[in-house]
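Visitor: Hi! Could you walk me through this one with me asking as we go?
Guide: Happy to, here it comes.

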Amino acid sequence: MATLKEKRTCGQRCEDFGRFVWNSDTGAMFGRTPEKWVYISLYYVAFYVIMTGLFCLAIWTLMYTLDPYTPDYQDRLTSPGVMVWPPTYIEEDVILSYNLSDKTSQRKMSNCLSNFLKPYNDTSQQSNHNCTKGEYFKQEKFEAPHHTKYSCRFTQSMLGRCSGLDDPTFGYNGTTPCVIIKMNRIINFLPNNGTGMAPHLNCTILSGHENIDMIEYFPTNGTFDLSYFPYYGKLAQPTYVNPLVAVKFHLVKEREAKIQCRVVAHNIAYQDSYEPYQGKVVFLLKALK
Amino acid sequence: MFEMNGEVDVKMKKKKKIKKKDRLEGMKKEMDIVSVIHKTRRRESWREYGLTSSKAAEVLERDGPNELLPPKGTPEYVKFARQLAGGLQCLMWVAAVICFIAFGIEFSRGTLGCFDDLYLAITLITVVVVTGCFGYYQEFKSTNIIASFKNLVPQQALVIRDGQKNQINAMDLVVGDLVEIKGGDRVPADIRIIFAQGCKVDNSSLTGESEPQSKTPECTHENPLETKNIAFFSTTCLEGVATGTVINTGDRTIIGRIASLASGVGNEKTPIAIEIEHFVDIIAGLAIFFGFTFFVVAMFIGYAFLEAMIFFMAIVVAYVPEGLLATVTVCLSLTAKRLARKNCVVKNLEAVETLGSTSVICSDKTGTLTQNRMTVAHLWFDNVIHAADTTEDQSGQSFDQSSETWRSLARVAGLCNRAIFKPNQESLPIPRRIVVGDASETALLKFTELAIGNMMEYRERFKKVVEVPFNSTNKNTLMLSVHELEDPMDLRYLLVMKGAPERILERCSTILIKGQEMPLEEQWREAFQTAYMDLGSLGERVLGFCHIYLNENEFPRGYKFDSDEMNFTTSGLCFAGLISMIDPPRATVPDAVMKCRTAGIRVVMVTGDHPITARAIAANVGIITEGSETVEDIATRKRIPVEQVNRRDARACVISGGQLKDMSSEELDEALRSHPEMVFARTSPQPPSSPPLIIVESCQRLGSIVAVTGDGVNDSPALKKADIGIAMGIAGSDAAKNAADMILLDDNFASIVTGVEQGRLIFDNLKKSIAYTLTKNIPELTPYLIYITVSVPLPLGCITILMIELATDIFPSVSLAYEKAESDIMHLKPRNPRKDRLVNESLAAYSYFQIGAIQSFAGFTDYFTAMAQEGWYPLLCVGLRSHWENVHLQDLQDSYGQEWTYAQRLYQQYTCYTVFFISIEICQIADVLIRKTRRLSIFQQGFFRNKVLVSAIVFQLLLGNLLCYCPGMPNIFNFMPIRGQWWFVPIPYGILIFVYDEIRKLGVRRHPGSWWDQELYY
């Protein structure tokens, strides 16, 4: 075996590299003559133009097949998520904490809620349909103007003492703060599988039982009225608003509690530990002195 | 990994050198003890009788076999650790540690999904350990294969025991044995010479002295290393013969004491090792470069340090071809097995690849190209030349044997012959039987045995009365014998004679024509002359045969014939005919030479024979092709002096040893360049300037990769000098076998062609496997590129990349090692190792920027499909990243107004990983199919011929399904059960890859040398 044992010196390597950069014998630059560089570049340009064209064609075909009103699949959206407002996080946990003696912290919370409720004010909701409560509002056809479907009216005032109309501080100036619970909207989702039972919110105290005196729900019983279901999508119902439930907690003693609010319905799951906001929300409510 | 081994080797070598010197010094002192010992051991061994077998067995029992215990190699655990701590593996370890740290930090924070990092770390470690185990197992296996090869060529020793000469395994020698050595043998143990005739020993393996040492029975020096009467184990006897008693065996021999010397056979890096190292360097460089770039970009965009580190790690892992080393080892051990089946022993597996790039084979004639046995080729009687059957298995045509003359000729040939078959060989076919006698008599004996039948019995019938053998001292070129006739009534004696044709003719006055004695007139003399010339020009050895019935009256029964006085008629005989003999080429050789020629390999013949014989054989086996002329031929044809012939017109050239000696190296280079068909004849095999060596050097100067075949001691320098030395297993001397890289157990030239084919196959298959492995780097990299630049949700996760690299794609990449050779593999020119690298620019460019690009497009199409069908339109995805990855955002709206929690988005992201993974898998199936061939259409190669590859594809699909649909996968490996139709989205791209590559191959085949070929053939 005597193959290729020759050791090349650094000088030879440099020389080889130099010849690679510019080979005066063949007129090649970096291994190709300028002419060949042009050819190969053109080849690649053509290749990528064609490939991009095919890709665009594929995407166009994909878009062409999609229904603009409903998605093809809702594999991930079998059960709606639930979230509490104001959504103030510390690290991974939702912690609603305010200071009884600090107006700014109170204002932060109440501002958040009033901003959140802006789409729900009476003027905004004026255009929406006043639906019959207690039953699904199913619309087969596009009867609303501009080829849309009607959306049901949900006004701020339905939230009673948590509407912020009477008390713009939402109770954050004292020990009775309001939180608003929103259930995510999913197209064609019918709570309780269309049995006609309305889903309702149920808040339980996970820890700090002694610190909560009373829980009030608005609307009464914490019901999400059936008339807001099903949702027909952004294009069919551009003015749709999610139904809300507001909860007023009466804090006593330590004024701190960990609370879980769950939307109760047969077809709303809540036990998956990998999906902490599925069908429920857990938060810590804290009123500091 | 390779680098590491290399360094270790270098260090070890240095250490050994130092030790060698020290030890040799110590040795000289130590040997004094030995000399004392052997003086006291003067016993038990008689000059003729030797040891008794029982005594030998007893001593063998006591001392153990005469072999060097293998030096304490690297301990097994170190070998295993080395597999775990190679360069690439270290990268993986670092990655795993990063993951652990990330997990620790995130766990302490209680982050959601922190277990991902833990799983990733565990996966990484598992991979390193599993590939480490596999590598270790393969190394273990191939070491065993090579070790078993070593046992296949055991050293033999000629030992005298119980007064009989026996060929025994050198392992069974014991102290006191009487052994004979001759030129070419390796000294089988330390021996004290008691008889020597012109014996010279090469001690270079022991002392480094390259000058041959002559050995005589006299003790000339106190120091055993200096004295002339001791020959050492493992040294080589160059010439002469010697007899001696064994004084030391096994590890007690001098060489055994310097164990490191015996094992110090350097592990030179083979071309394939260099290629792979080159490739690993490039890949590691690229991986770190890209990883670092992404790391910096990620940091710049605002990722946490840890996350950025994970990107870095993912890219490094994506780039490292984990399956490559497995593929290389599988390729090599597969080849070893195949070659062993073809009776080729490869000492160093990687040498096979070198054989694949061979462009010149310098072949010995005797035994390699020819059968190494004289055989009757032609007969001339009745004024016609008849051709005899020279095939090894007597499958050829025979001539017309009805003539009366033929009977007489056969009788002369059979009777005037001293050769005899060794007894007890009746079951063997005649050509294979062992004969005692010289080459031409053997040929005649076998020939007559085949033609007439039982010769031994035939000779019984014609009782021999007297015989005058060939005698070189009194220049008697004739042999004659006188026999009684088989018919007891006929009392005449028959005198039969054979010898050099012209001498025979001198003694004849008549000639047998069709059984009739005719006077030997001028016309017959001319006919004889023509036939003699014709046969001679075929390079054959011609013998004349004649006989005479002695006059009954002059030589009655009981006449005292005297072989010295020659008191009988020896002239006026009746000429019977001529028989010519040749060492015929092996049946497989012409075909093999033809194959070499189509494979662009020159076969150069080197032989000690006469130029005419050499030329005839060369023409016979196709080394000189039909219609090729030498300078001399042209001169004769054109009737001009040799000097006037344009040397370039002659394709063929026969150079004799004398001419070679007078040529300068430039002249030889020129001759090799201008004549494609070269034969070197009458070469005197004297080192150091032996002709093969000069020829090899000249070929190497011309840039060829040279393979040399040889069997003699004098061939070993050439075997060493050659890029690959091939020794003959049967005829080869130990010295040649030691110097060679490969041993042909059946001495068959055709096996070399198999070796070449296997060598090329290894290179091709490695290239295919690497091309396959490289391709997927791009579809693994582009998701990150798009993710960072266009801010779409991440299409492909780290663990998914790992799964592609380590689980689904390893088996297919290894399966390419099982791919059969493309049918035109032996029609291409040999590769130029200096230019045609394993991984070249066009391979990388084609894999990365064309096939890899198509795969990326496939992945993104499937990604956008999965996203859009679940509610996220492509345009919405662009720039979505910061919202998408916001852990605190639980109601992100999709294109339909639906609201998604973070966890739902994360599972959607896993779905994307999975569809991207599936896209890569589907495209990789197309990729592995197109990689089956580099030039030919797959339809020519066959889809299902490589069963391993088919099962690899099935395995890949099953594993893909398992990862997708096994419960629990989403939270462990981030795989989601995806909808069936998403498997089909990438299929058009797979078909596109297939069709595009078929077009590429078509262009490459149709237009060799074109721009298309240059740019797109890898």
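Visitor: Is B:Arg418 buried, partly exposed or exposed?
Guide: B:Arg418 is partly exposed because its relative accessible area is 47%; buried means under 20% and exposed over 50%, with partly exposed in between (1.4 Å probe, protein chains only). One note on the source: this is a predicted model, where local features need pLDDT of at least 70, side-chain atom pairs count only at pLDDT 80 or more, and totals for chains, interfaces and linings use all residues. Side-chain values use heavy atoms, without hydrogens and water, residues are numbered from 1 along each chain as its sequence is written, and chains are lettered from A and ligands numbered from 1 in the order in which they are written.

Visitor: Which residue forms a salt bridge with B:Arg418?
Guide: That is B:Glu467, with the closest N and O atoms 3.5 Å apart. A salt bridge here is a side-chain nitrogen of Lys or Arg within 4 Å of a carboxyl oxygen of Asp or Glu. The pair links distant parts of the chain, 49 residues apart: B:Arg418 sits in the loop between helix 14 (404–415) and strand 12 (420–421) of chain B, and B:Glu467 in strand 14 (residues 464–468) of chain B. Helices (H or I, at least four residues) and strands (E, at least two) are DSSP runs, numbered from the N terminus.

Visitor: And how many salt bridges over all chains?
Guide: The count comes to 31, and five are found across the interface of chain B and chain A.

Visitor: Nice, what does B:Asp891 pair with?
Guide: A:Lys182, at 2.4 Å between the closest N and O atoms. This pair crosses between chains, from the loop between helix 33 and strand 27 (892–893) of chain B to strand 6 (residues 178–183) of chain A. Both B:Asp891 and A:Lys182 are buried. Another salt bridge joins A:Arg32 to B:Glu1015, with the closest N and O atoms 2.5 Å apart.

Visitor: How many residues does each chain put into the contact?
Guide: Chain B gives 67 residues and chain A gives 55, where contact means heavy atoms within 4.5 Å. Together the chains bury about 5400 Å², 57% of it on carbon and sulfur atoms; buried area is the accessible area (1.4 Å probe) that two parts lose on being put together, summed over both.

Visitor: Changing topic: is B:Asn765 buried or exposed?
Guide: B:Asn765 counts as buried because its relative accessibility is 2%. B:Asn765 lies in helix 27 (residues 749–775) of chain B. Leaving aside neighbours within four places in sequence, B:Asn765 is in contact with B:Cys331, B:Leu816, B:Ala817 and B:Glu819.
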